[in-house]
Amino acid sequence: MQKVIDGELLTVPEHVAIILDGNGRWAKKRLLPRNYGHKQGAKTVEQICEDAWNLGIKYLTVYAFSTENWKRPQNEVDALMKLLRNYLVDCIKRTSKNNMRVRVIGDKTGLSEDIRASIEELERVSSVNTGLNFTIAINYGSRDEMRRAMVHMAQDVEDGKVRSEDITEELFASYLDTGDIPDPDLLIRTSGEQRLSNFLLWQLAYTEFVFMDVLWPDFNRDELVRAIRQYNGRERRFGGI
């Protein structure tokens, strides 16, 4: 979709994925606890959801907590889970107001029962909304996602629901957590790091990458527009000429 943004005609990506990086460093620069950085990062997510929809983005996917993040110090993990609990409750209230549909991807079995219940309620309540499709990756790792997809597919082959000779890329993709949403057009990673960190490895096959030095709590609409401008400077050929 093309849209005039700040006086400039730009092609707006349908689906933007973001690796939220730099919360801890943002706090450290200010001599504050890392957990304060995560709280500020959560507030940034709220604002960027609104900005993304107003800019014409239809799908926004954020990497909130990876399968590897459990290796962090226990007090930080506990604080992140507390923050997640509060965020999910607040998100349930905001979805109707903002007409936003929310999905959570990742291995939910690794989360506590109350968090799983909040996720289920959030997805149920927001399923009728027609605005921004917001996906949160929690306890998510792309390799784990593909492993889970393979286990599910293998069971369907064993049960006679799928024939091995009928397995295509499209069929495999339907078994992934993101089976009902399009692949990202643009991936943004903040904080200057330039790696994927086990995020959407299958889905990012032909995505444009933009790595930005800004720390996530400082990310805002202007930074999002700057990334969209970079996206507009790319020629997407999908393997063709």
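Let me begin with Arg103, which at 11% relative accessibility counts as buried (under 20% relative accessible area is buried, over 50% exposed and in between partly exposed, with a 1.4 Å probe and protein chains only). The model is predicted, so local features need pLDDT of at least 70 and side-chain atom pairs pLDDT 80 or more, whereas totals for chains, interfaces and linings use all residues. Residues are numbered from 1 along each chain as its sequence is written, and side-chain values use heavy atoms, without hydrogens and water.

What is the partner of Arg103 in a salt bridge? Asp180 is that partner, and the closest N and O atoms of the two residues are 3.3 Å apart (a salt bridge being a Lys or Arg side-chain nitrogen within 4 Å of an Asp or Glu carboxyl oxygen). Because Asp180 sits in the loop between α6 (169-174) and β7 while Arg103 belongs to strand β5 (residues 101-105), this pair ties together parts that lie 77 residues apart in sequence (helices are DSSP runs of H or I, at least four residues, and strands runs of E, at least two, numbered from the N terminus).

The structure holds 21 salt bridges, and another of them joins the side chains of Glu76 and Arg72, at 3.1 Å from N to O. Here Glu76 is buried, with a relative accessible area of 6%, whereas Arg72 is partly exposed at 30%. Glu165 and Arg163 make a further salt bridge, with 3.5 Å between their closest N and O atoms, and Glu165 counts as exposed at 55% relative accessibility. Salt bridges with shared partners also link Asp21, Arg25, Arg189, Glu193 and Arg195 into one network.

Asp21 brings me to Thr190, whose side chain reaches the backbone oxygen of Asp21 at 2.7 Å. Thr190 is found in the loop between β7 (186-189) and β8 (208-211), and this residue is buried, with a relative accessible area of 0%. Not counting residues up to four places away in sequence, Thr190 touches Ile19, Leu20, Asp21, Met212, Val214, Trp216 and Phe219 (contact means heavy atoms within 4.5 Å).

In strand β8 we find Glu208, which is buried with a relative accessible area of 14%. Which residues does Glu208 contact, leaving aside neighbours within four places in sequence? They are Asp185, Leu186, Leu187, Tyr231, Arg234 and Arg236.

Two backbone angles deserve a look, since most residues other than glycine have a negative phi. Asp6, in the loop between β1 (2-5) and β2 (8-11), has a positive phi near 50°. Leu31, placed in the loop between α1 and α2, has a positive phi of about 60°, and Leu31 is exposed, with a relative accessible area of 80%.

At least two residues of the lining of the largest pocket come from each of α1 (23-29), α2 (34-55), β4 (59-66), α3 (74-98) and β6 (133-140).

Definitions and conventions. A polar contact is a pair of N or O atoms within 3.5 Å; within protein, one must be able to donate a hydrogen and the other to accept it, and residues adjacent in sequence count only if both atoms are side-chain atoms.
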